[in-house]
Structure formats: C-alpha cells, structure tokens
Amino acid sequence: MTTRSTKNEHQASVSLNVLLTGGRAPVTLDLARMLQQAGHRVYVAESAVRHLCRLSSAVEQCFTVPSPRHETENYLLEMERLIQAWQIDMLIPMCEEVFYIAQGAERLGDHCRVLVSSIEQLHELHHKYDFIQLAESLGLSVPDTRLINSRQEWLEAQPDLEMEGEWVWKPVYSRFAARVRMPISSTADFDGGASDKKKYTGNMKQYRLQNGPPGDVKISVASPWVAQVYVAGQMLCTYSVAYEGKIVAHTTYDSRYRTGSVGASVFFEHVEHEGVYEWVRKFVHATGFSGQIGFDFIETEDGQLYAIECNPRATSGIHLFHPGDGLVRALIAPDEDELGKETKVVTPKQGSKAMLTLPMLGSGLQQLWEEGSLGAWITAWRGTRDVVYQRHDPKPWFEQFAVVLSAWRLARKHKLSLTEALTHDIEWNGEQR
C-alpha cells in the first residue's frame, strides 16, 4: 500500500476527499454510498461515459478519463491532474484499474494516499499459475495446476491429463470465468447434505473438450493458459481488506447464483467459515499484502478446501457490508487501534445478503428447468437487498440499462461476449510490468 503523502496522516474521523475508480461496478457504487454516509466527499474517475456512479447522489463529481488499458500514460497523467485539482486525500482503485494505478503509484503517491500494492505483487496474484505456485510454496491447499504456453503444449498435454482425471482449462489472465472450459462430467451434482444443489459447481455448463483449443484462442508465453484439476464441491468466495499482512475486514460468501453457468456471482450471502478465514489470514500474513483482495475456493464434500484463484482488487463481498459496519474505517484508517488494543477484524452482520436484481432474475429463469431449484431461488430472493437500487438514490438503477446497452454495442463491434465488453477498456493482461 502506497502511503506517501504531502498531507498529514489521515484519521477515520476526518472528512476526506476520496477518489474511486471503476464507476461502472456495483461495488464502487456501494462503497461510494458508504463513504458518503460516513461523512466523506466521494469523486469517481471512469473511462466509460455511462456508468452506475454517474448520476448517484453519493458522488460529488464524476470525471471521464482515458482508457487505462489503451491509453495508460494519458490515464495516469489525468489521474494525477485530478488528484491535485480536487485535493484528493485518498485514491481507492476498485476494478482492474488497480494494475495501472500500481504502475503509477510512486508519482500518484506524492499527492495522496493510494490503496495499492506493488505491481510485481499484484501480477503474481492475478496470474492464475503464479498464484497457485505461491500458495503451494506457503503450504496452503490448492489444486494441481499446469501451465500451457502454446497450442502444441495443449495438444501434447491433453491426453496425459485426461488419464489423470478431469481438468478445467482457462487463460491465466481472465476475469468472471471468461472462456473457462469445464469437463463434461462437471454437470454431476453430489448431495453433500445441502438442500440447495445450486450451491455446487455441479451446475456448471458443459464444455466438451476438443482435441485442441478453440480456433480463436491465442496461446503463447505472453498469453498462456492453465489446466487445473477439476474439484467438485461448493464454491465459496471472499473479500478482505488487509494492512501490512493483517486482515482488517473480511467476509466469506456463498456464490450459488451466477451469470450464465460459470460467470460472475449475482447473489451474495455472508457465511461464517473458520477454515476459509484461516487460509486467507495465513496467505495475507505470509505475503505482507496491503489492499483489497479476494479468493475463490472450492470446498469438497469431505470438507477439504482448495483456493483456485485470487483477485487482488475489490470483489462483490463489499455488498455484504453496511454503513456503520466498519468497512470504511478499515479502508481509510486500517492502522488505528481502539484504545490501544489490537484492531478488531470487521465482518458483516450474521445473515447479511445482497443481490444484483436484473441478472438474478435471469438466474431465476434457469431454475425453471431444474426440479426443486425454483423454490430455493425464491427463498434466496425474498428479503434480499438489491445493491443498485436505493430509495434515496434511485438514478443508478435506471442508468444500469444504459450501461448494459453500451456494453452490448461494444460487444457487437469487437465480437466479444457481453461480460468481456464490460471490462474491455480496463482489463489488465500482464502488459508493461
């Protein structure tokens, strides 16, 4: 975490000027509202013209900035100008802009506090193979994962791997399960004692592996893939705020409803899980990580945990926190102790849950074709907060339709999936390290 600043040390009780990136993301909107209710002034920098924070009453002002991915230097120059012009006290990257902010952290950190780790550490965590290697070296449980650097390696490895079991294939640089290829038998559920079968990865869509990778897939040393042994079980995700190797805020959440079959989560429910927390705590401590970080886990029927991916940025777990829970304090002043005592880890209230209403409705349609699933979906729906709509801040709810329409047009233009189009101008795939 870059903490150099020309200003005095900030305290949680002081009203700050906070600049967020990634205004298109629901997590950014949610955090903006929490920051505003905590008495801070919120500004948002976003490269997309239409985004969720654009009309939010929680935001003082939004700025349209160059694409971090396509105009990195211009993006950093504009961010530096905004920080100085608006006397920003703290910059919090929310999406994959974090990698570009990290590249300019030294110069940006001369003007404000920047919630970011080093680009070298972020890359190691973002790279799906390097992360597995790191976690394994720390003695933490991860599935067997192989690096694939070319189409030829794919062809040569597949027969041997299939003899050893079933494997998931995915790019080392990807997000929201884009282009993931699952084994055919991943549609088989196990009972596991849970009434809601949608909790399990057995729901994932079938992707029958071909003899080689799809024709449009480019595999190289610069853009490798991984083959990761398929582990059947319950999907669990996390969101944590860490400060110098210590967790200051944390949630583990159930990820049973998703976009499509293997996409991003659209329903979030806080669960107490000591095993997951201990895994994350050990990892954060061993790496000395500071910033926002999330992990995806699979828990097998017999209780074994395997971390399959790391997201060194904000994740949807933010939605499970509410104003007053302490998340803002954890982000703004993680080093402040209460009465000289060790800072308590901030967690959501028991039973906290949230959802993205529109994609959750789409998920509900999927349940019509699966016996017994609709009732569980209705139970999950009832009483769950929509993270976009807020009675005193309704405009972002209507703005989300414009966001999706803009992404759909971009997807058609560049022949991308809708999910890929939503991150096309901000994603980071290892460039300019």
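How many cavities of 30 Å³ or more does a search of the whole structure find? The search finds one. This is a predicted model, so local features need pLDDT of at least 70 and side-chain atom pairs count only at pLDDT 80 or more, while totals for chains, interfaces and linings use all residues. Residues are numbered from 1 along each chain as its sequence is written, and side-chain values use heavy atoms, with hydrogens and water left out.

**The cavity**
- A cavity here is a set of points, on a 1 Å grid over the protein atoms alone, where a 1.4 Å probe fits but cannot get out; lining residues have an atom within 4 Å of a point.
- The largest cavity holds about 70 Å³ of space, with volume meaning the space filled by probe spheres set on the points.
- Its lining has 13 residues, and Val98, Leu115, Gly291, Gln292 and Pro312 are the closest to the centre.

**The nonpolar cores**
- A nonpolar core is a set of buried Ala, Val, Leu, Ile, Met, Phe, Trp, Tyr and Cys residues joined through side-chain atoms within 4.5 Å; buried means under 20% relative accessible area with a 1.4 Å probe, protein chains only.
- In the largest core, with its 55 residues, Leu20, Met94, Tyr239 and Leu327 touch the most other members.
- Helix 1 (residues 26-37) gives this core its largest share, six residues; helices are DSSP runs of H or I, at least four residues, numbered from the N terminus.
- A second, separate core has 48 residues, including Val65 and Ala307.

**Pro171**
- Pro171 counts as buried because its relative accessibility is 3%.

Key. Buried < 20%, exposed > 50% of the residue type's maximum accessible area, 1.4 Å probe, protein only. Helix = DSSP H or I, 4+ residues; strand = E, 2+ residues; numbered from the N terminus. 1 Å grid on protein atoms, 1.4 Å probe; cavity = no way out; pocket = protein on both sides within 12 Å on 5 of 7 lines; lining within 4 Å.
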